[in-house]
Amino acid sequence: MTKAKKPEFRPNDYVVYPAHGVGQIMSIEEQEIAGISLELFVISFEKDKMTLRVPTHKATEIGMRSLSSPDVVDAAMKTLKGKAKVKRAMWSRRAQEYEQKINSGDLIAIAEVVRDLHRADDQREQSYSERQLYEAALERLTREVAAVTGDEVAAARQVDEVLGLRAA
């Protein structure tokens, strides 16, 4: 069995941390914790004004990954264009699934949440919790698309346009 090569993350790289979305590695530092020396990625989530320290040996295991490739972004946009798939389960169960998808760090799964919770202007009202999940997913999606393309405004416009087309 060949050991999977751990992806090399470097300072200034943008990465996706499942529970928080897109962050930027500021540095790699050594820190002694409980008498053990650990190598840590220092990741800044500028929009959330948050810094996270992740042990380098755990990064891949917890699902930290590089930004999606343009192909994955295209696939996510295709997913957005799709028809909403809303299960007939109780809201609490669906909400839990949406939350898991958002925190999976998987761009396609996040796009599914946006697609399923998106409401055109003429559709029924969203509950507060639906709107919270929708906005969280939309923000994650838009931020990663922006980090991949390097243009936040264009990313937001692209997502809006795709969702707008769907309503038509």
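Reader: What should I know about the model before reading any values?

Author: It is predicted: local features need pLDDT of at least 70, side-chain atom pairs count only at pLDDT 80 or more, and totals for chains, interfaces and linings use all residues. Residues are numbered from 1 along each chain as its sequence is written, and side-chain values use heavy atoms, with hydrogens and water left out.

Reader: How many helices and strands are there?

Author: Helices (H or I, at least four residues) and strands (E, at least two) are DSSP runs, numbered from the N terminus. The protein chain has 5 helices and 5 strands. From the N terminus on, their order is β-β-β-β-β-α-α-α-α-α. The C-alpha atoms fill a box of roughly 60 × 40 × 35 Å, taken along the principal axes.

Reader: In what order do the strands form the sheet?

Author: Strands of a sheet pair through backbone hydrogen bonds, either parallel or antiparallel. Two strands count as paired if DSSP finds at least two bridges between them. Here the sheet is open, the order is β4-β3-β2-β1-β5, and the pairing is antiparallel. β4 (50-55) and β5 (65-66) stand at the edges with a single partner strand each, so one side of each has no neighbour in the sheet. β5 pairs with β1 (residues 14-17) over 2 bridges. V16 has R65 in β5 as its bridge partner.

Reader: Which helix packs on the sheet?

Author: α4 does, touching β1, β2 (21-33) and β5. Contact means heavy atoms within 4.5 Å. The direction of α4 makes about 85° with that of β2. Axes are lines fitted to C-alpha atoms, for helices over the stretch in contact, and angles run from 0 to 180 degrees between N-to-C directions.

Reader: Which residues have the most contacts inside the largest nonpolar core?

Author: Start with burial: buried means under 20% relative accessible area, exposed over 50%, partly exposed in between (1.4 Å probe, protein chains only). A nonpolar core is a set of buried Ala, Val, Leu, Ile, Met, Phe, Trp, Tyr and Cys residues joined through side-chain atoms within 4.5 Å. The largest one has 24 residues, and L80, V114, L141, V159 and L163 have the most contacts inside it. The elements giving two or more residues are α1, α2 (91-104), α3 (107-117), α4 (128-149) and α5 (152-167). α4 gives the most, with 7 residues. A second, separate core has 11 residues, including I43, L52, V54 and M64.

Reader: Why is α3 called largely enclosed?

Author: 9 of its 11 residues are buried, so the rest of the structure largely encloses α3. Among them are I110, V113 and V114, and also R115 and D116. D106 caps the N-terminal end of α3, with a side-chain oxygen 2.9 Å from the backbone nitrogen of I108.

Reader: What does T79 contact beyond its sequence neighbours?

Author: T79 is in helix α1 (residues 70-81). At 14% relative accessibility, T79 is buried. Leaving aside neighbours within four places in sequence, T79 is in contact with I108, A111, E112 and R115.

Reader: Is H118 buried or exposed?

Author: H118 is buried, with a relative accessible area of 14%. H118 is in the loop between α3 and α4. The side chains of H118 and Y134 make a polar contact (3.0 Å). A polar contact is a pair of N or O atoms within 3.5 Å; within protein, one must be able to donate a hydrogen and the other to accept it, and residues adjacent in sequence count only if both atoms are side-chain atoms. H118 and L80 are 38 residues apart in sequence and 9.3 Å apart in space, C-alpha to C-alpha.
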